[in-house]
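Here is a short report on one protein model. Look at the structure first, then read on.

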Amino acid sequence: IDTGGNLTEMASVEFYNAVLVPGFINSHCHLELSHLRNVFPEKTKMAGFLKRIWQLRAAEENIIIEAARKADLEMWKNGISAVGDVSNNNLTFKIKSSSKIHYYTFIESLGFSPDRADKAFDWSMNYFVEARNAGLDASVVPHAPYSISKKLFDKIYALAVKENSILTMHSQESLQEDELFRLGSGPIFKHLKENLQLDLSFFTPTGKSSIATILGWLPAENQLLLVHNTCTGEKDIETIQQERSLKNTWFVLCPNSNLYIDDRLPDINLFRRHQLNICLGTDSLSSNKQLSILEEIKTISSHFPQIPFTELMTWATCNGAKAIKISDWAGTIEKGKKPGINLIVGMDLHKLQVTPESKVRKLI
């Protein structure tokens, strides 16, 4: 009902002195890493973070499952209606299939050595089939340019074309990633060689950024979510435009995770100038203190106060819904949809801006 500003008391109508928005879409999360909350130190840079993940992610199954269950409930209470969630195993499948939240599950494949490509892909395919059998929307995706061989990329490519699936990938999360591909050196190179003990004799640096190196190894027609983009610059965007359409390419920002690991944020103003499709994610509790899209909005707003609240809401709701292809029921408040309804309180209603005191209250 559009009252035209003439608000009158009506039966069965509730009035709120706050802002009503659709349920949030968390476009990037790792539910299965929720047991790592408050475990890792901050600002270790990417190689330091990868080393700790490699060393500490293993835990008893009941601990992982219970932490994931609590994180799922936390996201629901924080007004999140849907999640693009990364899985390396099946421990969270039951939680996700029975959750009030809708999950799109990205089965993450890893293997930088070409010798491991067949085994890594078969491993991912087993979980992909299991996820589908559990009633979950799912696809097999690459983890990141620095953890996937060309041979494994080719296998993921073929399956993505066959399934017309949504793809996602961690991209340019750190300068160390580009250093690996441009120079064949740096902390990530050292991590691969010393911690993972990989024989890197096959690897030849390309002299190009990571995204420029591997983008042609993914099908241009498939929906692609590039996650983090902390170090993505003008030339990288031009490369992406040359390789694929920006209409089916989504740039997922996880600002609190970026600050937690690398102590820097993406050039969001650059992305806005290029009118890129932006959506928001929390990443995992291994690199974030909470799973809240509103907290991600607060962080962006504090560093980029010129971005209008309405634009931030677009990133947090309808863009995320489009990115994981659920906009038929989520992302906007329209007749026939069931997006969930959030109330944001503690806002500056005159300037229409979030404040440090802003909180989300889930109404529906």
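Asp 263 sits in the loop that links helix H10 (255-261) to helix H11 (268-273). This is a predicted model. Asp 263 is not a glycine, yet its phi is positive, about 55°. Most residues other than glycine have a negative phi. Is Asp 263 buried, partly exposed or exposed? Its relative accessibility is 44%, so Asp 263 counts as partly exposed.

Leu 265 is in the loop between H10 and H11 as well. Leu 265 has a relative accessible area of 16%. The cut-off for buried is under 20%, so Leu 265 is buried. What does Leu 265 touch, leaving aside neighbours within four places in sequence? Its contacts are Thr 230, Pro 255, Asn 258, Leu 259, His 303 and Phe 304. Ala 117 is 148 residues from Leu 265 in sequence, and their C-alpha atoms are 33 Å apart.

Asn 38 also has a positive phi, about 60°, and is not a glycine. It lies in the loop between strand S2 (24-29) and H1. Asn 38 is exposed, at 64% relative accessibility.

| Residue | Relative accessibility | Class |
|---|---|---|
| Asn 38 | 64% | exposed |
| Ser 81 | 6% | buried |
| Asp 263 | 44% | partly exposed |
| Leu 265 | 16% | buried |

Now take Ser 81. It belongs to strand S3 (residues 80-87). A polar atom of the Ser 81 side chain lies 2.7 Å from the backbone oxygen of Pro 339. Pro 339 is also one of the residues that Ser 81 touches, not counting residues up to four places away in sequence.

Next comes helix H6 (residues 175-183). At its start, a side-chain oxygen of Ser 174 comes to within 3.1 Å of the backbone nitrogen of Gln 176. Gly 184 follows H6, and its phi is positive, near 70°. Which residues of H6 are buried? They are Gln 176, Glu 177, Asp 178, Leu 180 and Phe 181. These buried residues pack against helix H1 (45-56), strand S6 (167-171), helix H7 (187-195) and helix H8 (210-214).

How do H6 and H7 meet? Their axes come within 7 Å and cross at roughly 75°. H6 and H7 are therefore roughly perpendicular to each other. From H6, the contact uses Gln 176, Glu 177, Glu 179 and Leu 180. From H7, it uses Pro 187, Ile 188, Phe 189 and Leu 192. By class, this contact of H6 with H7 has five nonpolar, one polar and two charged residues.

The crossing of H4 past H5 is right-handed. H4 brings Ala 117, Asp 118, Ala 120, Phe 121, Met 125, Phe 128 and Arg 132 to the contact. H5 brings Lys 151, Leu 152, Lys 155, Ile 156, Leu 159 and Glu 163. The residues of the contact of H4 with H5 divide into eight nonpolar, no polar and five charged.

Definitions and conventions. Residues are numbered from 1 along each chain as its sequence is written. This is a predicted model: local features need pLDDT of at least 70, side-chain atom pairs count only at pLDDT 80 or more; totals for chains, interfaces and linings use all residues. Side-chain values use heavy atoms; hydrogens and water are left out. Buried means under 20% relative accessible area, exposed over 50%, partly exposed in between (1.4 Å probe, protein chains only). Helices (H or I, at least four residues) and strands (E, at least two) are DSSP runs, numbered from the N terminus. Contact means heavy atoms within 4.5 Å. A polar contact is a pair of N or O atoms within 3.5 Å; within protein, one must be able to donate a hydrogen and the other to accept it, and residues adjacent in sequence count only if both atoms are side-chain atoms. Axes are lines fitted to C-alpha atoms, for helices over the stretch in contact, and angles run from 0 to 180 degrees between N-to-C directions. Angles under 35 degrees count as roughly parallel, over 145 as roughly antiparallel, 65 to 115 as roughly perpendicular and the rest as oblique. Ala, Val, Leu, Ile, Met, Phe, Trp, Tyr, Cys and Pro count as nonpolar, Asp, Glu, Lys and Arg as charged, and the others, Gly among them, as polar. A crossing is left-handed if the near helix is turned anticlockwise from the far one by less than a right angle, and right-handed if clockwise.
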